[in-house]
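Please look at the sequence and the 3D structure shown here. The paragraphs that follow go through them step by step.

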Amino acid sequence: DFLQVRGSGYTVPELSCPAPCTPYLQTMQSLTLAATPRDTGKKAVKATRRDGLVPCVIYGPHLEPVHFAVEALTLRPLIHTTEQYRIAVDLDGEAYDAVLKDVVFHPVTDRPWHVDFQALTAGETFTTTVPVVLIGTPEAVKDGADLAQPMNQVEVRALPKDLPGHIDADVSELAVGDSLVARALRYMLAH
């Protein structure tokens with residue numbers, strides 16, 4: 001189950017979301033990153049980090065890997081958020097449309113050490129994970145029940161222009177024993 005309201009020591013899984021907790025989507029917001037090209041190799045990467053930049057790479061099915069660097073502070077809105085963003089990487093006048101794929105942090109300082117971006121291709125579907133944001137508080141929780149959310153993100157597949165930044169699910173009408181399963185959040189852009 002994706003979400004359960006627990007009370008009196010039992011849960012009753014539902015096969016679908018009750019009518020009041022209809023999920024809704026918001027299209028992904030865009031951010032622009034100003035990037036500078038960088039060389040590859042161990043010495044070049046160390047020099048990039050010494051200059052206060054974070055080494056990055058963008059790759060995709062129709063794109064040779066492109067290596068670049070960005071200032072660490074420009075990554076903050078992408079990394080320290082629950083939102084998923086569409087990123088326009090501006091590299092010497094050439095723009096790449098991408099999403100954040102992976103961030104490696106330094107083990108001691110916890111600063112971004114390396115960032116991977118996955119290129120988006122217009123007209124081709126793309127699979128990624130997006131966070132699920134719960135809206136409202138169930139009456140049962142107000143009366144002392146627990147709201148358990150073992151999954152806080154779901155996998156979606158859509159065209160790049162239709163990818164959501166997150167999925168909102170209104171849970172205010174859930175009662176004790178109700179649950180919301182991932183299939184109830186099925187990504188329905190066609191509807």
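In which sense do S4 and strand S5 (residues 63-71) pair, and over how many bridges? S4 and S5 pair in the antiparallel sense, over seven bridges. Two strands are said to pair if DSSP finds at least two bridges between them. Strands (E, at least two residues) and helices (H or I, at least four) are DSSP runs, numbered from the N terminus.

Before going on, note that this is a predicted model, in which local features need pLDDT of at least 70 and side-chain atom pairs count only at pLDDT 80 or more, while totals for chains, interfaces and linings use all residues. Residues are numbered from 1 along each chain as its sequence is written, and side-chain values use heavy atoms, with hydrogens and water left out.

The protein has 13 strands and three helices. Of its 191 residues, 41% are buried. Buried means under 20% relative accessible area, exposed means over 50%, and partly exposed lies in between (1.4 Å probe, protein chains only). Among contacts with a separation of 6 or more, 71% are between residues 24 or more positions apart; contact means heavy atoms within 4.5 Å. The protein exposes about 10,800 Å², and carbon and sulfur atoms supply 50% of this area. Accessible areas come from the Shrake-Rupley method with a 1.4 Å probe, and for residues only the protein chains shown count as cover.

Return now to strand S4 (residues 53-60). Six of its eight residues are buried, so S4 is largely enclosed by the rest of the structure. A hairpin of two residues joins S4 to S5. S4 also pairs with strand S8 (residues 112-119), in the parallel sense and over four bridges. Cys 56 has bridge partners in both of these strands: Phe 68 in S5 and Val 115 in S8.

Next comes helix H2 (residues 72-79). Which residues of H2 are buried? Leu 75, Leu 78 and Ile 79 are buried. Seen down the helix axis, the buried residues of H2 fall within an arc of 80 degrees, so they line one face of the helix (the arc is that of the directions from the axis to the C-beta atoms). These buried residues pack against strand S3 (29-37), S4, S5, strand S6 (85-91), strand S7 (94-105) and S8. On the other side of H2, Leu 73 and Arg 76 are exposed.

Phe 126 is found in strand S9 (residues 126-135). It counts as buried, at 9% relative accessibility. Leaving aside neighbours within four places in sequence, its contacts include Val 99, Gln 118 and Leu 163. Phe 126 and Leu 159 are 33 residues apart in sequence, and their C-alpha atoms are 6.0 Å apart in space.

Last, consider the backbone angle phi. Most residues other than glycine have a negative phi. Asp 92, in the loop between S6 and S7, has a positive phi of about 50 degrees although it is not a glycine. Asp 92 is exposed, with a relative accessible area of 64%. Asp 110 lies in the loop between S7 and S8 and has a positive phi of about 65 degrees. Asp 110 is exposed too, at 55%.
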